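User: I am new to this structure and would like to learn how to read it. Can we go through it feature by feature?

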Amino acid sequence: MTDVEKQIKDTVKNGGVLAMLYFDIHAKSKELVQELGTGFINNMIQKQGVVMALGEIDEPVGGEEGKNWSSCISLKILTRDFKALSAICMAHSPFTIEILRPDEIVLPLNEAHDLLGTMSATTAEYKRYILTKLAKPGEMASIEENLMQRAKMGKKILGDKK
């Protein structure tokens, strides 16, 4: 058994996940697609919760008549746990995901709560960003008021739990 295989086996045994993530990438030139892809893979390797990763960039295609070049990045990634893999997927939106190991994901309730909280926070940030970019000046006051009311409700709920 190689050192890599041993690390994969040990990490998965302790709650880790080995997965294949697939991303599409587009740029104005073939070289830029390759450079962006390389930078993206290097960034992914350094993400919190990543034990190891190996990425490959397909040969870029396209570029005819002023169109962008495109490619696919295949990233085999070993994460410390399912939550780390989920955070990467939420932040970087792969177009498909294949979990290679383990055969089954079992989440203790506290980890499910953490994951759902992270998902909620991420989607709330996306919504707020979209709303503030698309809102007309007169609508911003209403959006801000809704956010303040939501924060007050959250504060009250947290206070009631204590």
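User: Let us start with charged side chains. How many salt bridges does the count come to?

Analyst: Keep in mind that this is a predicted model. The count comes to 4 salt bridges. One of them joins the side chains of Glu5 and Arg101, at 2.8 Å from N to O.

User: Where in the chain do the partners Glu5 and Arg101 sit?

Analyst: Glu5 is in helix α1, residues 3–13, and Arg101 is in strand β5. They are 96 residues apart, so this pair links distant parts of the chain. Glu5 is partly exposed, at 29% relative accessibility. Arg101 is also partly exposed, with a relative accessible area of 29%.

User: Which side chain does Lys6 meet in a salt bridge?

Analyst: Lys6 meets Asp10, again with 2.8 Å from N to O. Both lie in helix α1, 4 residues apart, so about one helical turn separates them. Asp10 has a relative accessible area of 31% and is partly exposed. Lys6 is partly exposed at 44%.

User: And what about Lys30: which side chain does it meet?

Analyst: Lys30 meets Glu59 in a salt bridge of 2.6 Å, N to O. This pair links distant parts of the chain, 29 residues apart. Lys30 is in helix α2, while Glu59 is in the loop between β2 and β3 (61–62). At 28% relative accessibility, Lys30 counts as partly exposed.

User: Now the rings. What describes a pair of aromatic rings?

Analyst: Two values do: the distance of the centres and the angle of the planes. This structure holds 2 aromatic pairs. Tyr22 and Phe95 form a tilted one, with 6.4 Å from centre to centre and 40° between the planes. Tyr22 lies in strand β1 (residues 17–27), and Phe95 lies in the loop between α3 (82–92) and β5 (96–101). The pair therefore ties together parts that are 73 residues apart in sequence.

User: What kind of pair do Phe23 and Phe40 form?

Analyst: Theirs is edge-to-face. The centres are 4.8 Å apart, and the planes make an angle of 70°. An angle over 60 degrees is what counts as edge-to-face. Phe23 lies in strand β1 and Phe40 in helix α2 (residues 30–45), so the pair ties together parts 17 residues apart in sequence.

User: Is Phe23 buried or exposed?

Analyst: Phe23 is buried, because its relative accessibility is 4%. The cut-off for buried is under 20%.

User: Let us move to the core. Which residues of the largest nonpolar core touch the most other members?

Analyst: They are Leu21, Phe23, Leu75, Ile77 and Leu85, out of 18 residues in that core. At least two residues come from each of β1, α2, β2 (50–57), β4 and α3. The largest share is from β1, with 6 residues.

User: Take Ile77. Which residues is it in contact with, leaving aside its neighbours within four places in sequence?

Analyst: With those neighbours set aside, Ile77 is in contact with Val17, Leu18, Ala19, Leu21, Val50, Met52, Ala53, Leu85 and Ile88. Two of the core residues named above, Leu21 and Leu85, are among them.

User: Where is Ser74 found?

Analyst: Ser74 is in strand β4, residues 69–79. At 16% relative accessibility, it counts as buried. Leaving aside its neighbours within four places in sequence, Ser74 is in contact with Met20, Leu21, Tyr22, Leu54, Gly55 and Glu56.

User: Now the surface. Which residues make a nonpolar surface patch?

Analyst: Ile97, Ile99, Ile105 and Leu107 make a patch of about 280 Å². Leu107 is in the loop between β5 and α4 (109–134). Leu107 counts as partly exposed, at 32% relative accessibility.

User: Last, the backbone. Which peptide bond is cis?

Analyst: The bond from Arg101 to Pro102 is cis, with omega near 0°. Pro102 is found in the loop between β5 and α4. Arg101 is also the salt-bridge partner of Glu5.

User: Which residue has a positive phi although it is not a glycine?

Analyst: That is Ser93, with a phi of about 45°. Ser93 is found in the loop between α3 and β5. At 51% relative accessibility, Ser93 counts as exposed.

Terms used. Residues numbered from 1 in each chain as written. Predicted model: local features only at pLDDT ≥ 70, side-chain atom pairs only at ≥ 80, totals over all residues. Heavy atoms only, no water. Phe/Tyr/Trp six-rings, centres within 6.5 Å; stacked < 30°, edge-to-face > 60°. Buried < 20%, exposed > 50% of the residue type's maximum accessible area, 1.4 Å probe, protein only. Contact = heavy atoms within 4.5 Å. Patch = residues over 30% accessible without salt bridge, like charges linked within 9 Å, V, L, I, M, F, W, Y side chains within 5 Å. Areas by Shrake-Rupley, 256 points an atom, 1.4 Å probe, with all protein chains shown as cover. Core = buried A, V, L, I, M, F, W, Y, C linked by side-chain atoms within 4.5 Å.
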